[in-house]
Amino acid sequence: MSDKASPKTWSSNYLFLLASIGSTVGLSNIWKFTYLAGENGGGAFVLIYLVSLITMGIPILAAELMIGRRGGRSMVGTMRVLSQKDGISKHWQLFGWVSMVGVFLILSFYCVIAGMTLDYTITSLFGELNKLDATSAVNYYNDMLASPLRLMLSQFVFVVATGWIVAKGVQDGLEKSTGWMTPALFIILVALVIYALFAGDFLEGVRFLFDPDFSKITPKVILAAFGQAFFSLGIGVGVMLTYGAYMPKSSSILKSAVIISFSDGLAAILAGLAIFPIVFKYGLAPAEGPGLIFVTLPIAFGQMLGGSFIGALFFMLLFFAALTSSISLLESIISHLEEVCSLSRMKITIITSLLLWIVGLGSVFSFNIWADFTPLDMIKPLEGKTIFGLIDYFGSNLLMPIGGILMALIAGWLISIESSKNELQLKDQRTFSIWHFLIRYVAPAAVFLLFLSNLVN
């Protein structure tokens, strides 16, 4: 018998970790983390964010990986296997279907935002972001959003790149791409931190991130930090479950969850160390909000020595981060379609990618020709939301938190303690007891509070 790994199995634990870290380290770590830290007091936010990774992120991520490896299938297929193996209701397959559709919708708008990073990478290289002041930076960003053709082109290129990698399969596609992109992502991050050390106000950046002002810790800051930890790991929608399904039995689930979670946190911290020294050096506002990346930083890049190259490098970092995440999202969809469809993986991926691009046009047009189209104004929480806003709301505010709670419910209450121990391969009873307590009570309670907060806001 050949020792070669199955095409649906990771070739090694190292490549599994690289792919999983690439999946979790996305736009949320670099774009969202920095502006949330800026808006929520810096060090106080970072401290709670790290606590939330330990108390909520790691337990749920380990649970999702455990469920995936135990089922060995896609999200839907795993629910079917668990109904036979662990006696859970066959109706849990509905959760799998809803998650798959939700992932598709999330990916449809993610590709649009990711396309913007590609647009800025290219324009940075050509020097078009040089010499921007506050007004021209805003105008440049708005001009991009106002051009449907420009957004469609960058979105199309990003969808094609994602589909091409996924179509090649786990070993020839996911492993080979993340095998170099994930290390490249961290190399670029470290290079940008080193640059910020000499070109920015590094001490002020470090002070902002690591000197917590405890008076700034409010319920709002706590919820923002826990929300960032939850959403940046991408748990709750079956993406990591699919990656877990390809895990060999020799891999330690809990150790993998710890490595992935702390790598995710490390990427966010490095992004902060790369960005905030530049922000402070050039007198920019750390609490700028979502515009920090696309509006505020280009002003600084335009003023600094070698700004065109540094700007391009920074947006290339965003592009790699987005791509390693998008391939995991698409893989979770293709994984199930392969189980129920007789077409080849290549054909399934081409059709799915085409549909993804078409559905994503709704998000593209939400920034321009459909900017005033808010179809669900009759429902108060959805009033004023464009198609992009609606997809983001249902995916981020509803599907992911509910999915996280249900993952915790399956792992903590429906799968037996003995089965969980066997799957996690934990010999230390104390470690298992801590995980089991966190996954049964602490993690779902934290996610439920996030869910309620999102509904209110």
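Please keep in mind that the model is predicted.

**Helix lengths**

| Helix | Residues | Number of residues | Expected span | End-to-end C-alpha distance |
|---|---|---|---|---|
| Helix 10 | 219–233 | 15 residues | 21 Å | 22 Å |

For helix 10, the distance from first to last C-alpha is close to the expected value.

**Helix 10: a mostly covered helix**

If you look along helix 10, you will find that eleven of its 15 residues are buried, leaving the helix mostly covered. Among the buried residues are Phe226, Phe230 and Phe231, along with Ala224, Ala225 and Ala229. The list also includes Gln228 and Ser232. Just past the end of helix 10 comes Gly234, whose phi is positive, at about 65°.

**Helix 18 and the nonpolar patch**

Helix 18 has a kink of about 45°, and the kink is centred on Ile439. Helix 18 also takes part in a surface feature: together with helix 16 (387–414), where each helix gives at least two residues, it contributes to a nonpolar patch. That patch covers about 530 Å² and is built from Leu409, Trp413, Leu414, Phe437, Tyr441 and Val442.

Trp413 is worth a look of its own. This tryptophan sits in helix 16. Its relative accessible area is 42%, which lies between the 20% and 50% cut-offs, so Trp413 counts as partly exposed.

Conventions. Residues numbered from 1 in each chain as written. Predicted model: local features only at pLDDT ≥ 70, side-chain atom pairs only at ≥ 80, totals over all residues. Heavy atoms only, no water. Bend = angle between axes of the 7 residues up to and from the residue. Helix = DSSP H or I, 4+ residues; strand = E, 2+ residues; numbered from the N terminus. Patch = residues over 30% accessible without salt bridge, like charges linked within 9 Å, V, L, I, M, F, W, Y side chains within 5 Å. Areas by Shrake-Rupley, 256 points an atom, 1.4 Å probe, with all protein chains shown as cover. Salt bridge = Lys/Arg side-chain N within 4 Å of Asp/Glu carboxyl O. Buried < 20%, exposed > 50% of the residue type's maximum accessible area, 1.4 Å probe, protein only. Expected span 1.5 Å × (residues − 1).
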